[in-house]
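Dear colleague,

Please find below the structure that I am handing over to you. My findings follow it.

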Amino acid sequence: MDPFLDPRFYSGIQSFNSGNFYEAHDLFEDLWHECDEPKRRWIHGMVQISVAMHHHSTGNLNGSLLLLAEGISRMRRAEISPIGFKEVEFLEPCQEILKLLQTNLKDSNHCLGMKPDKPQEISFPLISIEV
């Protein structure tokens, strides 16, 4: 099964780019359970980044930080990605969000379990694939 050719893959991208991160997570997770390495690692990274963005949008910044770091790392270690995937355009904004989270959580002691009043406004990354 090639997850990059499955219609759910493109639905996941559309959901993610529309800000429906939990729905994107569900779609990518279904694919992750059904596919094999080496594509499985890349899909798993998308599952984690989708959940990280969902956590950020609901104010769970600790959860967002952890899953974003894992997802970025997993996608960078993936041996294969979809043809036309603009890795830098997607992962660099993710890395910037990660740095913001690390700085803000450290500076405000949120990493000790304190909840912020409101998550910092960020520009969520977009997944871009040229066909």
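Is the crossing of α1 and α2 left-handed or right-handed? The crossing of these two helices is left-handed, that is, the near helix is turned anticlockwise from the far one by less than a right angle, clockwise being right-handed.

Before the details, please note that this is a predicted model, in which local features need pLDDT of at least 70 and side-chain atom pairs count only at pLDDT 80 or more, while totals for chains, interfaces and linings use all residues. Residues are numbered from 1 along each chain as its sequence is written, and side-chain values use heavy atoms, with hydrogens and water left out.

Overall composition

The protein contains five helices and zero strands, where helices (H or I, at least four residues) and strands (E, at least two) are DSSP runs numbered from the N terminus. Of its 131 residues, 44% count as buried (under 20% relative accessible area with a 1.4 Å probe and protein chains only; exposed is over 50%, and partly exposed lies in between). Among contacts (heavy atoms within 4.5 Å) with a separation of 6 or more, 65% are between residues 24 or more positions apart.

Helices α1 and α2

α1 and α2 pack at an angle of about 155 degrees, with their axes 7 Å apart; axes are lines fitted to C-alpha atoms, for helices over the stretch in contact, and angles run from 0 to 180 degrees between N-to-C directions. α1 is therefore roughly antiparallel to α2 (angles over 145 degrees; under 35 is roughly parallel, 65 to 115 roughly perpendicular and the rest oblique). On the α1 side the contact includes Arg8, Ser11, Gly12 and Ser15, and on the α2 side it includes Leu27.

α2 itself has 14 residues and reaches 20 Å from its first C-alpha to its last, close to the 20 Å expected at 1.5 Å a residue (1.5 Å times one less than the number of residues). Its buried residues are Phe21, Ala24, His25, Leu27, Phe28, Leu31 and Trp32, and they pack against α1 and α3.

Leu27 counts as buried because its relative accessibility is 18%. Leaving out residues up to four places away in sequence, Leu27 touches Arg8, Ser11, Gly12 and Ser15. The C-alpha atoms of Leu27 and Val47 are 8.5 Å apart, although 20 residues separate the two along the chain.

Ser50 lies in α3 and is buried, with a relative accessible area of 0%. With residues up to four places away in sequence not counted, Ser50 touches Phe16, Phe21, Ala24, His25 and Phe28.

α3 and α4 pack at an angle of about 160 degrees, with their axes 7 Å apart, and are therefore roughly antiparallel to each other. Their crossing is left-handed. Residues making this contact include Ile49 of α3 and Leu68, Gly71, Ile72 and Met75 of α4.

Apart from neighbours within four places in sequence, Ile49 is in contact with Phe16, Leu68, Gly71, Ile72, Met75, Phe90, Leu91 and Cys94.

With kind regards
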